[in-house]
Structures are given as structure tokens and as C-alpha cells.
Amino acid sequence: MILYESNNTRINGKYTLDFSSHTIEGERRLEDVIDVHSKLELSIVGYGTGKYYIGDKIYDMQKNDVFIISNTDKHALVMNKDETLKNIVIHFEPRFIWSDNNNFDYRYLKIFFNRSKNFCHRLDRHNEATEKIISLFYEIEDEFNNKPLEYELMAKVKLMNILVLLLRHYNYVYEDKDHYQFKKEVQSINKVTDYIHENFDKKIKLEDLAAIVHMNTSYFSTFFKKFNGLAPSEYISRIRISKAMKLLETTDKNIIEICGMCGFNSTASFNKMFKKIKHQTPSEYKRQYFNQK
């Protein structure tokens, strides 16, 4: 069972950071919860124990462990039936950091894209900087819980502080000298993801996405997955399900209406994709959401 609280904020009205706190109880099997998503993730264990399967690594979890998960990392939080754990999670789009084209600086995100052979998803528990990062994590939680004036901007400032500490105090990153090429690639991928977010309720063809950045479909698919960790079709489906979740939470529209508003051509395909991604039907999700409020 999972009990959760979730908040999100937008910078410039567009790019999101999601903050959530999950209290997890009971058995979670690897095959049931393995996941990959399009957002970057930082998380901290509030209390409890479990095991984190990330890529080909397995990590024991204990209080104040901090984890770094890219949008290309398959991961699963696995627990025994007698275990309880609180997991505090920050999800954010890469563009949440590089959203200002006049102040582009991808260096903040090198911990996700330029990993060295020494990289570890779980921060070194004995590194002095880990204590600073733990403190910043809980300060972000306080910003979301108390919502003081301009808390959204303060949350971003503290997140960027964490990202700099990760670069400065851990030998987890290799230096990439070709900054200009990376910037061009990011600008290209932003054009595509902007198009998807603006047209998720319509039919989107792979050929149309590839044409935006003047690539053939085969190369484009590889290029897209490099930055988003998902094939274009799966990324689109997850965006649509995310939009559907928000409609289920905030409106009284029925399943058929939400299905059409989110770009699905039938309720059967909508229900199938929703269950694949969320492990429950739209109706079950809505019932659970309102039962926990």
C-alpha cells in the first residue's frame, strides 16, 4: 500500500518540478514495480528499509540515503511484507533547469548525462557533502509544505544548489568538452518535446516528430531515447497518462471524456495503457486518490 502527498510547481508557466512523499507498506516485488520515466529523479529515504534496484545494481536503503536516478535508469523499490518505508522524491524535467534559453547551462545536469566509471546511484554515506544535501532536501520539503512567498523559486534555487554539490564533492562525472554540440542536441530535443506537450490530444506520427529536427525516423528514435530514456511512442503515452491523471484528480469528467481529451482513440486502449503505466485502472486510481485526501 502507498500513501502519498504530491505537489508540483511551474517555472515560466511551463516546466515542472514534482515533489512527493510516499509512505510504502508491505511487499513490493521487482516484476510488479520496475519502471522507467521521462523525468530526472532525486530521492531520500525518510525512514525505513528496502532495496533499490537501479539498472544492474542493487542498493540497501536506510534513513537519509539519497539516490540519483536518470530518465534512462530502470528502477524498482522492492520491499518485504513486513517492511515500511517513507520515500521523498523530486522529479523534474531537464528543461526545469535549462528552461531559460538566454542562460543555458547544462553543467547542472552532468550528474545525469556525463557519469564517470565511479558513479554510484546512492550517495556516499560518509561524504561530508551528503549531510549538506540531506539538509537541502528537507528544506525543499519545508518550502512545499509551508508554501511561503516565492516558494517555487526557492525550491529551484535549493535544487540547483544540490546539483552543484553533486558536481563539486563526488567523483561521479567525467568532463565533456563538446559543450556546443550538446547544446544543439538539447535545443533539438526541446523542439520535439514542446510539440508533443502542445499536441498530446491529437494523433502524433513518428515521421512528423523526426521532420521537426530534420532526421530520418530510425536515427531520430535513437536520438530521442538518449535524452528521454523512452522511445517516442512510450514518451507520448506517458505524457497522455500524466494529463489524464490530472483530469481525474481535478475534474468530474468521465472516463470517456478524459480518454478523448488525452489523445486516445478508444477507452480500451486508454485503460490498457493506464494500467500498464500505473498498475491500476483509471477508475481505481481516481477512487484511491480521493480516498487518501
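At what angle do helix α4 and helix α5 pack, and how far apart are their axes? I looked this up first.

**Ground rules.** I am working with a predicted model, where local features need pLDDT of at least 70, side-chain atom pairs count only at pLDDT 80 or more, and totals for chains, interfaces and linings use all residues. Residues are numbered from 1 along each chain as its sequence is written, and side-chain values use heavy atoms, with hydrogens and water left out.

**The helix pair.** I found α4 (residues 128–146) and α5 (residues 151–169) packing at about 165°, with axes 9 Å apart. Axes are lines fitted to C-alpha atoms over the stretch in contact, and angles run from 0 to 180 degrees between N-to-C directions. Helices here are DSSP runs (H or I, at least four residues), numbered from the N terminus. The two are therefore roughly antiparallel, a label for angles over 145 degrees.

**Who meets whom.** Next I checked contacts (heavy atoms within 4.5 Å). On the α4 side I noted Ile133, Leu136 and Phe137, among others, and on the α5 side residues including Leu159, Ile162 and Leu166. The residues of this contact divide into 13 nonpolar, two polar and four charged. Nonpolar covers Ala, Val, Leu, Ile, Met, Phe, Trp, Tyr, Cys and Pro; charged covers Asp, Glu, Lys and Arg; the others, Gly among them, are polar.

**The core.** I then turned to the largest nonpolar core, which has 56 residues; Phe92, Phe112 and Leu166 have the most contacts inside it. Such a core joins buried Ala, Val, Leu, Ile, Met, Phe, Trp, Tyr and Cys residues through side-chain atoms within 4.5 Å, buried being under 20% relative accessible area with a 1.4 Å probe, protein chains only. Helix α5 gives the most to this core, with eight residues.

Technical notes. Angles under 35 degrees count as roughly parallel, over 145 as roughly antiparallel, 65 to 115 as roughly perpendicular and the rest as oblique. Buried means under 20% relative accessible area, exposed over 50%, partly exposed in between (1.4 Å probe, protein chains only).
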